[in-house]
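Have a look along with me.

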Amino acid sequence: MNEADIEPLARGGGYRCSLCDVRMPNSPTLNEHVKGKKHQKLLSVRNTRKSQQEKSVFVSGFQKGTSNLEITDYFQNFGPVASVIMDKDKGLYAIVEMESGKEVEKVLSIPRHSMNGQKLRVKRREYKEFKYIPKKKQDPGEKQFIDFEELSQALCQAIDVDEQLKKLLEIFEFTDNERMLRKLIVSLLQEVFSEFFPGCKILPFGSSVNAFDIHGCDMDLFLDLENTKTYQANANAAVETEGDTDIKRETQSESESEESILSDIDLKTSTTPEILELVATVLQKCVPGVHKVQAVTTARLPVVKFIHKESGLEGDISINNRLAVRNTMFLQLCASLDPRVRPLVYAIRHWAKLKHLAGNPFGGGSLMNNYAVTLLVVFFLQNRTPPILPTVNDLKEHAGEEDQCIIDGWDCSFPSDRSKIEVNTNTETLCVLLAEFYKFYAEFDYAGTVISLKDGKVHVVTDFIGPDSDKKIRLGPINIQDPFELSHNVSGNINERTAQRFKRQLDEACKYCRSLQYQRKSNKGKVWGIVRLFQPLSSTDCSPAPSPGADHSTGKEMSQGENLINIPFKLSCLSEQTRKRLHGSPDFREIWFDKVCHAVHYVMESILKCSCANTEENNIQINDAKITSSNGAKNIEEEINFGVKRPSLAEEKAEASSAKRAKTDTIEAPLYQGEVTWHCAVWSRVWIGRRKVRRQLRYRTNESDSGDCTVISSLETEGKVTEAILQQQEENGDKSSPLITFKFNAFLVGGNEDTRTLIRVTPIQECTLYIEFFHFLESFVPKMVEKCIEKSDEML
């Protein structure tokens, strides 16, 4: 054992092998590792490299184009030459390895070397410490990926932003050889599968063929078995015909090659996993050059994965994805209608990937997939003035009889001949369109709307919670309706955190695109144009925490001493009954805001035991809150007493219409010009030690004598936690005056911004505990408000 390679670890114990870059927990494991193949092989490689370095010299100064043989002939004058390694790129130097170190000393003893009239520079080869670098498993989606420095050099040489965008397209799109390779693979699969599944079709879809291909992207393939099912049904019917021996003999002869496959399985009655297992068997045993075949039958979209060994391309074969093939043809049509579409999509998809907003749908978790990002671009181009791309409804009007297409009950008709579609008259440059894209989506209400490419408009979410079957869509923080499968939200996997990061990155990109650095080429050699948009984020930059004095939604600095709590609109918090009441209602934001205000007051007063009092502006007195509105003033006279029915919206509006209009100061010009104001005070440190007290309460509940341990709701638990903390602190401190006094101002933001409630918290008196208390409220209040709304809907 070479002790220099073994390092004892101070923290946690164990050992580390610096040669293999491996950690071992104890001595027996260490001994096994040292005797193992990997360690012994690396020892051998290191010794060989060291011996080669000791027997080698570095040579330069010879004429360019000098051959390996000429150098060998010269140095053989000093002894046998083991090898000569030439500089492959420029041919400016060589490393000459002699048979032993004695020959090296002879070479170095000569003060001057000359070959073919050129003075040679000869020196001992520098010793480099051997370091094991494990082979990185390359993601096929990252093949031929250009890093930021290379991309920057290539794009900064362009004349303007338009040329940069076109250059980006050239860098990432397939070469002719890549396209030819994929066609050959599809042809190979088609030939093999036709032998086992007569009449089947292998149809590529997705990034490989939708006009937005990128180096190394996966091959998505759809195995169409409809003709095969018909063939099998006809063959079975013919075989069962009584007395017709000729047909029987003919059918058996025709199906002899498929007997091992189709005779053992009925395609019409077999399950998807059973068919995919069959497909995997054919791939593995009968398709040359294919390996690592795996049937993934438990995924949302079951597929068979494989890798083409020679090219390293990864592929997926599915059998129930006909809509995806049609979507691919739709994107092909969009790309063919205007030359600006492709460069714009490539730029925005690359930006979304580098900002950790989009990625592989199978491994990206809550990230957008490329299809969703592409649809965002298409929808944006549908909304230019004049439009650059037509809506899906417009395309259907131009579809002829031969273009009619119904898949799984969805109308997927559009013309295959683009000459039927009118040429757009929009003349905006790519530079302008990219900047306008970021501006368009930075000022977008994601939570409260659904993006529809069908008619090129946004619809409020309440339009999609009714009884209509084609509108039952999974709603989330970002809602993009598939252009044909109207019940599918292509961004339905996005969570709140990713949506907030998406909004934040849009804001930053929008701000940058207004600068001269984006619009003009730098004369000082600095990066400019779209290059700055592509600076990759580090892992710590994925979700930076907003500063305490900043507006969490826009990043704008608030005045000193003010902080904002952000409560996003979540339709999922509302009960099915409330959703039905909201169906088609244009006032759903006001209803949501009203519920949030009641919930906030309940959380502050009933759960955290703060005192909350209304202010006395406009001579309006109410018990728990005051609302001033540009539409008038309305009172909320009941607290959130679960089970007590609140006044209807019609009653509140009738009351508001008779009140005097009041002017109020609001932030961000909210859609609903309403403000709820409380003056609050907290008397004890109810935010200290809540986790510990919560654990103690749960333990006592589990150890109760009743034997029937009822699950306590979060609201009830948190109320009990506060009471326990107050009991612990009642003997400590002066309770004659509150610890912190502050003001709550709640505003509704929506329409041109994400629908949400912003609560501005302002301390009335200077207090060192205020910031500590606010950071607790910042995370506690939104969670409890959500629970509060859910509970109130259940009781109502």
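Below are my notes on the sheet, the cores and a few single residues.

**Ground rules.** This is a predicted model, so I took local features only at pLDDT of at least 70 and side-chain atom pairs only at pLDDT 80 or more, while totals for chains, interfaces and linings use all residues. Residues are numbered from 1 along each chain as its sequence is written, and side-chain values use heavy atoms, with hydrogens and water left out.

**Sheet.** I looked up an open sheet of 5 strands, ordered E5-E6-E4-E8-E7 with antiparallel pairing. Two strands pair if DSSP finds at least two bridges between them; strands (E, at least two residues) and helices (H or I, at least four) are DSSP runs numbered from the N terminus. The edges are E5 (81-86) and E7 (113-115), each pairing on one side only. I then checked E4 (residues 56-60) and E6 (residues 93-98), which are joined by 5 bridges; Val57 stands opposite Val96 in E6.

**Cores.** Of its 82 residues, Phe330, Trp351, Tyr438, Tyr441, Leu533 and Phe534 touch the most other members. Helices giving two or more residues to this core include H12 (322-337), H13 (341-354) and H16 (430-442). Leaving aside neighbours within four places in sequence, Trp351 is in contact (heavy atoms within 4.5 Å) with residues including Tyr438, Phe502, Leu533 and Phe534. Apart from this core lies another, of 52 residues, among them Met604 and Val686.

Most residues other than glycine have a negative phi, and most peptide bonds are trans. I noted a cis peptide bond between Thr385 and Pro386, with omega about -5 degrees; Pro386 is found in the loop between H14 and H15. Asp408 has a positive phi of about 50 degrees and lies in the loop between E14 (406-407) and E15 (410-411). Asp408 counts as exposed because its relative accessibility is 65%. The cut-offs are under 20% relative accessible area for buried, over 50% for exposed and partly exposed in between (1.4 Å probe, protein chains only). Lys609 also has a positive phi, near 60 degrees, and counts as partly exposed at 31%.

**Thr677.** Last, I asked myself: is Thr677 buried or exposed? Thr677 is buried, at 1% relative accessibility, and lies in E23 (residues 674-682). Its side chain makes a polar contact with that of Asn745 at 3.1 Å. Such a contact is a pair of N or O atoms within 3.5 Å; within protein, one must be able to donate a hydrogen and the other to accept it, and residues adjacent in sequence count only if both atoms are side-chain atoms.

Definitions and conventions: Core = buried A, V, L, I, M, F, W, Y, C linked by side-chain atoms within 4.5 Å.
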